[in-house]
Amino acid sequence: MATRSTRAIHLAGALAVLCLALLVSPATALEVEASLETTTVGIEDTVRYTVTMSDERTLSGLSAPELGTMGAFEVLGPPGFKQRVEMSSFRGTRFVTAYTWRLQPTKLGSHVIPPATLRYQGRDY
């Protein structure tokens, strides 16, 4: 029987490759960030993949980002959805929306999660 460490899926460097690490559009001040809860996951485990968008204005009309072909991962159900308002004296008010997917690896090895895409107010992110 394989131990958990020999069954591990390594996602090292995936956050650096995620292309959505941080995109800022001066016209809309929309910020988009992608993150993983961990970079190593077992073949029978799941990992949360979150895409967070924030703007100085309300994010009305924003829909869930599209995931690319996930290759070595199965997407388990529709994304979770959260919204919040952040207020600070430094950055002012920001409206934040986050979508979170649960992913499960389908094969062993090191894999890269492809970037998600987002269309908002006529622009692609």
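## Overall fold

The model is predicted.

The protein has 125 residues, and 35% of them count as buried. Its accessible surface comes to about 7200 Å². Carbon and sulfur atoms account for 54% of that surface. Take the contacts with a separation of 6 or more: 68% of them join residues 24 or more positions apart.

## The nonpolar core

The largest nonpolar core has 22 residues. Leu30, Tyr49, Val51, Met53 and Leu103 have the most contacts inside it. The largest share, 4 residues, comes from E5.

Leaving out residues up to four places away in sequence, Val51 touches Val32, Glu33 and Ala34, among others. Its partners also include Pro65, Thr97, Ala98 and Tyr99. Trp101 and Ala116 complete the list.

## Aromatic pairs

The structure holds 3 aromatic pairs. One of them joins Tyr49 and Trp101, with 6.0 Å centre to centre and 35 degrees between the planes. This pair is tilted. Tyr49 lies in strand E5 (residues 47-55) and Trp101 in strand E8 (residues 92-105), so the pair ties together parts 52 residues apart in sequence. Are these two residues buried or exposed? Tyr49 is buried, at 0% relative accessibility. Trp101 is buried too, with a relative accessible area of 5%.

Phe81 and Tyr99 make another pair. Their ring centres are 5.1 Å apart and their planes stand at 50 degrees, so this pair is tilted. Phe81 belongs to strand E7 (residues 80-88) and Tyr99 to strand E8, so the pair ties together parts 18 residues apart in sequence. Phe81 is partly exposed at 45% relative accessibility, whereas Tyr99 is buried at 8%. Tyr49, Phe81, Tyr99 and Trp101 form one aromatic cluster.

Thr100 is found in strand E8. At 22% relative accessibility, Thr100 counts as partly exposed. The cut-off explains the label: buried means under 20%.

Which residue makes a polar contact with the side chain of Thr100? The partner is Thr50, through its own side chain, at 2.9 Å. Thr100 and Thr50 are 50 residues apart in sequence. In space, their C-alpha atoms are 4.2 Å apart. Leaving out residues up to four places away in sequence, Thr100 touches Arg48, Tyr49, Thr50, Pro79 and Gly80.

## Salt bridges

The structure holds 6 salt bridges. One of them joins Glu37 and Arg48, with the closest N and O atoms 2.9 Å apart. Glu37 sits in the loop between E3 and strand E4 (40-42), and Arg48 in strand E5. The two are 11 residues apart, and the pair links distant parts of the chain. Both ends are partly exposed: Glu37 has a relative accessible area of 41%, and Arg48 is at 40%.

Glu37 also forms a salt bridge with Arg102, where the closest N and O atoms are 3.9 Å apart. Arg102 lies in strand E8, 65 residues from Glu37. Arg102 is partly exposed, with a relative accessible area of 32%.

Asp55 and Arg57 meet in another salt bridge, at 3.9 Å from N to O. Asp55 is buried at 0% relative accessibility. Arg57 is partly exposed at 40%.

## A backbone detail

Gln121 lies in the loop between strand E10 (119-120) and strand E11 (123-124). Its phi is near 50 degrees. This is a positive value in a residue other than glycine.

Notes. Residues are numbered from 1 along each chain as its sequence is written. This is a predicted model: local features need pLDDT of at least 70, side-chain atom pairs count only at pLDDT 80 or more; totals for chains, interfaces and linings use all residues. Side-chain values use heavy atoms; hydrogens and water are left out. Rings of Phe, Tyr and Trp (its six-membered ring) pair if their centres lie within 6.5 Å; planes under 30 degrees apart count as stacked, over 60 as edge-to-face and the rest as tilted. Buried means under 20% relative accessible area, exposed over 50%, partly exposed in between (1.4 Å probe, protein chains only). Contact means heavy atoms within 4.5 Å. Accessible areas come from the Shrake-Rupley method with a 1.4 Å probe; for residues, only the protein chains shown count as cover. A nonpolar core is a set of buried Ala, Val, Leu, Ile, Met, Phe, Trp, Tyr and Cys residues joined through side-chain atoms within 4.5 Å. A polar contact is a pair of N or O atoms within 3.5 Å; within protein, one must be able to donate a hydrogen and the other to accept it, and residues adjacent in sequence count only if both atoms are side-chain atoms. A salt bridge is a side-chain nitrogen of Lys or Arg within 4 Å of a carboxyl oxygen of Asp or Glu.
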